[in-house]
Amino acid sequence: MITERVCYGMTDPERSKIESIVARLAGAAHKGELGTIVAEEIQKYSVFELQVIGGRLHLEIERLPAHYRHKIRSYFRDQIFGAHHMLLSRYRSGAFRKCTDPIRDPELFLSYCRMIPDGCMAWDESMWKNPEIWSARHRLFYYLIAAYTMFVEDLPGHPVGMPFPGGQVVEKRVDEYYCPIRDKEKDVFFSICNFCPARQTD
């Protein structure tokens, strides 16, 4: 009989599986290989799991103030499911097989990979209805999509145009991206902002 130690809602077997996936990511030699690995892992998610992830995203949006919710809804969906669509389209078209471009800032990428297992454990699910259907595997989906967006496409983790409280938005200026919260979540170790290619908005 296998005894499973539970820590922050994730069992040892769950963590081991996540660490195995992260090891695959960390071993990518270039952007094309990383894109391929992410796509292969993303395709393992069932339709039901995608529905759970979509449902959680909907709940997160609905918790926001009404005036802000209206402005940000499409950007949150694009961040997750727009990137999901782009990832699989490029994978199925064979684009990744032709890409041998180096990964931007390999050391930062490896730091991102090291963060993921603990990041998957850090989220507080107690506030959600039916938290038992939300697992570390669903949290991993978020990090896989962000890995593709930030380290394969070199795009900001939050889409261009995404508004934040206070009126500022994620911007593209010539060939650089700027985000008003890029450097403001350093104390949140599991935030994708700490690994984003965008610069802090002046």
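**Figure 1. Packing of helix H1 against helix H5 in the predicted model.** In this predicted model, H1 and helix H5 (residues 106-121) pack with their axes 10 Å apart and at an angle of about 165°, which makes H1 roughly antiparallel to H5. The crossing in which H1 passes H5 is right-handed. From H1, the residues that take part are Arg15, Ile18, Glu19, Val22, Leu25 and Ala26, and they meet Phe109, Leu110, Cys113, Ile116, Pro117, Asp118, Cys120 and Met121 in H5. Sorted by class, this contact of H1 with H5 comprises 11 nonpolar and 3 charged residues, with no polar ones.

**Figure 2. Packing of helix H1 against helix H6.** Helix H1 (residues 12-26) also packs with helix H6 (residues 136-152), here at an angle of about 15° and with the axes 10 Å apart. Because the angle is under 35 degrees, H1 is roughly parallel to H6. The crossing of these two helices, H1 and H6, is right-handed. On the H1 side the contact is formed by Glu14, Ile18, Ile21 and Leu25, which meet Ala136, Leu140 and Leu144 of H6. The residues of the contact of H1 with H6 divide into 6 nonpolar and 1 charged, and none of them is polar. Ile18 and Leu25 are named both in this contact with H6 and in the contact of H1 with H5.

**Figure 3. The largest nonpolar core of the protein.** This core has 52 residues, and those with the most contacts inside it are Leu25, Leu34, Ile42, Leu87, Tyr112, Ile116 and Phe151. Two or more residues come from each of H1, helix H2 (31-42), helix H3 (47-62), H4, H5, H6 and strand E4 (176-179), and H6 gives the most, with 12 residues. In soluble globular proteins, nonpolar side chains tend to be buried together. Ile42, one of the residues with the most contacts inside the core, touches His84, Leu87, Leu88, Phe141, Leu144 and Ile145, when residues up to four places away in sequence are not counted. Leu144 is also among the H6 residues that meet H1.

Figure 4. Leaving aside residues up to four places away in sequence, Gln79 touches Tyr142, Ile145, Gly157, His158, Pro159, Met162 and Ile192. Of these, Ile145 is also touched by Ile42.

**Figure 5. Glu60 in helix H3 and its separation from Phe76.** Glu60 is found in helix H3, where a relative accessibility of 31% means that Glu60 counts as partly exposed. Although Glu60 and Phe76 lie 16 residues apart along the chain, their C-alpha atoms are separated by 9.6 Å.

Figure 6. Of the 202 residues in the protein, 44% are buried. When contacts between residues at least 6 apart in sequence are considered, 64% of them join residues at least 24 apart.

Technical notes
Residues numbered from 1 in each chain as written. Predicted model: local features only at pLDDT ≥ 70, side-chain atom pairs only at ≥ 80, totals over all residues. Heavy atoms only, no water. Axes fitted to C-alpha atoms, helices over the stretch in contact; angles between N-to-C directions. Helix = DSSP H or I, 4+ residues; strand = E, 2+ residues; numbered from the N terminus. Parallel < 35°, antiparallel > 145°, perpendicular 65-115°, else oblique. Left-handed = near helix turned anticlockwise from the far one by under 90°. Contact = heavy atoms within 4.5 Å. Nonpolar A, V, L, I, M, F, W, Y, C, P; charged D, E, K, R; others polar. Core = buried A, V, L, I, M, F, W, Y, C linked by side-chain atoms within 4.5 Å. Buried < 20%, exposed > 50% of the residue type's maximum accessible area, 1.4 Å probe, protein only.
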